[in-house]
Amino acid sequence: MKIVIFEFEEWERPYFDHFMDKNDVIFEQAPLDEQTASKYQDADIVSVFIYSDLGCPTLKQFKQLKFIATRSTGFDHIDIPYCTQKGIKVSNVPSYGENTVAEHVFALLLSISHKIPDAVNRTRQGNFSQEGLQGFDLCGKTIGIIGTGVIGQKTIKIAKGFDMDVLAYDIEPDTIAAKKLDFSYVSLQNLLSQSDIISLHVPGNKETYHLLSNPEFSLMKKGAILINTARGDVVDVKALLQALASEKLSAAGLDVLPEEPTIREESELLRSLFTEKHNLETLLADHVLLHMKNVVITPHSAFNTKEAVARIIQKTVKNIDEFCEGRPTHLVN
Ligand code: NAI
């Protein structure tokens, strides 16, 4: 079979070694998109990371694609209904590092609460002044967790370690976990109006698109803080800017942004200026956020620890193995 590994990095090569004997394996550093798909139309299996764009225009170029193994939990970069219709199976890595992303939530939150980016910039310049660096305790604050799957629950466990009160909202509440971890489910409205800090842990899909927009921000406590490690489109970024400008929100910690791949790649940014594909207003809002002092942004790196990426690649290789053996697992369609 022809297997193409997109968004390939050299350190991943040994993990794919054992496919070499029986298959034609191609390593491609570029993401899979409309352009790169045209080079590999005869692929049987592709593996991608999150910066690939597996929409219909990309997918329809493949003549015999049978299986997509994404090296991620989220699969919002793949047109799943199209794959299902064409009989293309898709697997993800459902859990590889709930602790990794949950730890990153607190990296963002502590950066805000202790003003770490400002403090570090200052000491690097030899300035040891305390002025404007007063932060706040997490202990005793209420954190609202939206989405109580594996990452949401790990975030709750860590929050409990900080002696925080936890409120949660999920379309499918896990009452056993609520009892075990000692947290309460409330309506989304109550969570928004009662939380000092709100952390998002839902998947990116049609239902969660702009889950937080103007009406939701207006319900929040004045001075609330938003942490988003889920997906950029879960938050209406223009509404977020307004909430920050009006000081409804005092700060935000974001690992994900809408239009994130466009911001990441200058060539993609340039291309977006000439196409209808990207929302330039959203892109502009992203750029404003990047320069706000009370917004801490990381480049979708919450997953990126040595341990977690090793687990992702091992589990992806296993997904491909199991598909080739006729007993696929971790299918999302
Ligand atoms: P999960 O599937 O275990 O949990 C998701 C939870 O969200 C479920 O409990 C589900 O019932 C709930 N949910 C779904 N739709 C909802 C809605 N409309 N309203 C309220 N709750 C809803 O997923 P997991 O592993 O906890 O990951 C969550 C998300 O985190 C992933 O889908 C992915 O987008 C993101 N992620 C981000 C990473 C990063 O590097 N920043 C790395 C890994 C995941």
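1. Let's start with T282. In this predicted model, T282 has a relative accessibility of 11%. Buried means under 20%, so T282 counts as buried.

2. Where does T282 sit? Its place is in helix α14, which covers residues 280-290. If we set aside the neighbours within four places in sequence, T282 is in contact with V237, K238, P258 and E259.

3. Now for the helix pair. Two packed helices are described by the angle between their axes and the distance between the axes. Here, helix α11 (residues 237-245) and α14 have axes that come within 9 Å and cross at roughly 35°. The crossing of α11 past α14 is left-handed. On the α11 side, the contact is made by V237, K238, L240, L241 and L244; on the α14 side, T282 takes part along with E281, A285, D286, V288 and L289.

4. Five strands, in the order β2-β1-β3-β4-β5, form an open sheet with parallel pairing. Which strands stand at the edges? They are β2 (24-27) and β5 (89-91); each has a single partner strand, so one side of each is left without a neighbour in the sheet. From one strand to the next, the twist averages 15°.

5. A69 stands opposite S91 in β5. Helix α15 (residues 306-324) packs on the sheet and touches β1 (2-5), β3 (45-48), β4 and β5. The direction of α15 makes about 165° with that of β4.

Terms used:
Residues numbered from 1 in each chain as written. Predicted model: local features only at pLDDT ≥ 70, side-chain atom pairs only at ≥ 80, totals over all residues. Heavy atoms only, no water. Helix = DSSP H or I, 4+ residues; strand = E, 2+ residues; numbered from the N terminus. Buried < 20%, exposed > 50% of the residue type's maximum accessible area, 1.4 Å probe, protein only. Contact = heavy atoms within 4.5 Å. Axes fitted to C-alpha atoms, helices over the stretch in contact; angles between N-to-C directions. Left-handed = near helix turned anticlockwise from the far one by under 90°. Pairing = 2+ DSSP bridges.
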